[in-house]
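Dear colleague,

I am passing on the structure below, together with some notes on what turned up in it. Please read them alongside the sequence and the coordinates.

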Amino acid sequence: MRERSHRSTAVRAAVAGAVVAVLGVAGLTACDASGDNSPGPGGSTAATKPSPKPTPTWDTSPRSVAAVGDSITRGFDACSVLSDCPEVSWATGSDAQVKSLAVRLLGKSRAASHSWNYAQTGARMADLPEQMRRAAERGPGLVTVMAGANDACRTTAAAMTPVADFRADFEESLRQLRRTAPKAQVYVMSVPDLKRLWSEGRANPLGKQVWKLGICSSMLADPDAVDSAATARRDAVQERVVAYNKVLKDVCAKDKRCRDDDGAVFGYRFGQTQLSHWDWFHPSVNGQARLAELAYRAVTAKDPAA
């Protein structure tokens with residue numbers, strides 16, 4: 001037993017010596033002449049660095065579409081005065097003249113059963129979390145967002161939604177979606193240029209009569225007034241819209257499955273052909289078709305900047 005013990009001790013010593021020798025060689029190999037852990041000529045540190053997680057690829061052919069937002073996505077005033085007309089919605093409508101985003105992506109028959117419109121006329125950003133919760137329950141491949149105009153379109157400029165509240169509500173909307181549909185893609189449309197819509201519509205007498213019913217009073221009240229007070233009021237609304245669009249872009253950029261329109265809707269020059277012939281403010285059927293074109297081009301682009 002004693003002889004076996006001596007032999008075991010000798011074996012352990014030999015093994016320990018070999019380990020020390022190997023570690024010493026490895027240590028010398030790992031260090032170059034500079035004394036750091038940089039690879040020597042022809043060397044690589046790839047084995048010591050974790051591979052970056054691949055960025056999710058944007059799916060240019062989602063298999064279903066859910067829409068959230070306000071009156072524009074409901075087709076308000078596109079078919080008849082002061083009424084929704086969802087069949088001409090740029091996002092999910094079935095009208096052949098519009099050829100909505102859902103129809104372009106899914107085809108007419110599939111769009112009828114795999115697209116849903118949860119937008120509501122008059123909705124503000126504070127209403128979006130609930131809309132998003134309902135949309136998420138469908139497990140959509142893509143959710144379109146177009147909201148914010150009603151946050152600027154208030155009875156007075158002072159009543160507009162604060163930018164901080166707007167941001168918090170949009171962030172909560174995306175959280176609602178992610179709780180149930182973590183892999184759904186989101187496409188965010190910017191808020192239109194309300195000041196341009198005022199400029200285009202104010203030339204139409206019928207439109208101005210409809211505006212008196214309370215449509216976007218912060219921008220459209222006293223449409224012919226161009227004094228300093230009226231100009232300052234409209235400029236304040238315009239500045240708030242610009243701020244809202246920055247929030248939409250910033251918040252979307254933090255979500256790896258979100259893509260914004262890079263200001264395409266805000267920059268679109270709606271003419272009288274693209275405006276409702278009842279209120280000269282909301283998109284007409286032609287205007288809805290132009291929105292669908294903008295959205296389809298962006299959603300199907302491999303590069304979001306394309």
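A residue is called exposed when its relative accessible area is over 50%, and buried when that area is under 20%. Please bear in mind that this is a predicted model.

By that cut-off aspartate 262 is exposed, because its relative accessible area is 56%; this residue sits in the loop that runs between strand S5 (258–260) and helix H11 (264–267), and its phi is near 55°, a positive value in a residue other than glycine. Aspartate 77, in the loop between strand S1 (65–69) and helix H2 (101–106), also has a positive phi, near 65°, but here the residue is buried, since its relative accessible area is 0%.

Turning to the open space, the largest pocket has a volume of about 340 Å³, and of the 21 residues that line this pocket, the closest to its centre are Asn150, Cys153, Ile215, Cys216 and His282. Helix H5 (149–152) and helix H7 (194–201) each contribute at least two residues to that lining, which is made up of 11 nonpolar, eight polar and two charged residues.

With best regards

How values were computed
Residues are numbered from 1 along each chain as its sequence is written. This is a predicted model: local features need pLDDT of at least 70, side-chain atom pairs count only at pLDDT 80 or more; totals for chains, interfaces and linings use all residues. Side-chain values use heavy atoms; hydrogens and water are left out. On a 1 Å grid over the protein atoms alone, a cavity is a set of points where a 1.4 Å probe fits but cannot get out, and a pocket is an open set with protein on both sides within 12 Å along at least five of seven lines; lining residues have an atom within 4 Å of a point. Grid points are joined across faces, edges and corners, and a volume is the space filled by probe spheres set on the points. Helices (H or I, at least four residues) and strands (E, at least two) are DSSP runs, numbered from the N terminus. Ala, Val, Leu, Ile, Met, Phe, Trp, Tyr, Cys and Pro count as nonpolar, Asp, Glu, Lys and Arg as charged, and the others, Gly among them, as polar. Buried means under 20% relative accessible area, exposed over 50%, partly exposed in between (1.4 Å probe, protein chains only).
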